[in-house]
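Please keep the structure open while I talk.

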Amino acid sequence: MNDSERRETRRRLLQLAGSGAVVGLAGCLNIGADPTPPVQRPEDWCLDVLEGEVPESEATAPSIDGLERADEDELQSKSNAGYECGARDGAQCGNCTFYIADRNGDAIGACTEVAGQIRSADWCALWQPREKLAGDE
Ligand code: SF4
C-alpha cells in the first residue's frame with residue numbers, strides 16, 4: 001500500500017466514523033451491550049413458595065367478590081387447575097373473582113377453588129374476571 005492508498009483508506013475510515021457506521025459495527029459486535037443475562041427460572045418456580053398451609057384467617061374468608069371457599073376436599077389441585085407462576089394476558093389471581101386476599105401480611109392469599117396458598121400475580125385455567133372489573137367493561 002503506497003502513501004496515497006493509505007491516505008485514502010484513512011479518509012474512508014474517518015467518513016465511516018462520522019456517518020455512524022462505526023456505531024452499527026459496535027452493535028454487531030455487541031460492544032456496549034448489557035452483559036447481564038436475563039434471569040432464567042423454571043416455569044414452576046413459585047410452587048415452592050406456596051407449599052405452606054393456608055392460614056385459618058384466609059381459609060374461612062370470602063373471595064374478593066364475596067364467594068365462599070369450597071370445602072377442602074373439593075378444592076382443585078394446582079396441577080389440575082393448570083396453575084402457572086405469573087399472569088397470562090393480564091389475567092391473574094389478583095383480578096380473579098375466586099381470589100381470597102392476603103390477611104396475615106405475608107403477601108400471599110388463597111382461592112375459593114384451588115388448594116393451597118395462592119399468589120395474586122399467578123394464574124390458572126379456572127380464572128374468571130372479578131365482577132367489579134367485568135362490570136366496568
Ligand atoms: S386464577 Fe385460579 S388460582 Fe387464581 S384465584 Fe382464580 S381460580 Fe384461584
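**Charges, rings and the ligand shell**

The charged end of R88 sits over the ring of W123, 4.2 Å from the ring centre, where a charge counts as over a ring if NZ of Lys or CZ of Arg is within 6 Å of the ring centre and within 35 degrees of the ring normal. K78 likewise lies over the face of Y83, at 5.5 Å from the ring centre.

This is a predicted model, in which local features need pLDDT of at least 70 and side-chain atom pairs count only at pLDDT 80 or more, while totals for chains, interfaces and linings use all residues. Residues are numbered from 1 along each chain as its sequence is written, and side-chain values use heavy atoms, with hydrogens and water left out.

Y83 also belongs to the residues around the ligand (a heavy atom within 4 Å of it), and others in that group include C93, C96, C111 and C124, together with F98 and W127. How does this shell divide by residue class? There are ten nonpolar residues, no polar and no charged ones, with Cys, Tyr, Phe, Trp, Val and Leu among those counted as nonpolar.

Turning to salt bridges (a side-chain nitrogen of Lys or Arg within 4 Å of a carboxyl oxygen of Asp or Glu), the count comes to four. One of them joins R130 to D65, with the closest N and O atoms 3.7 Å apart.
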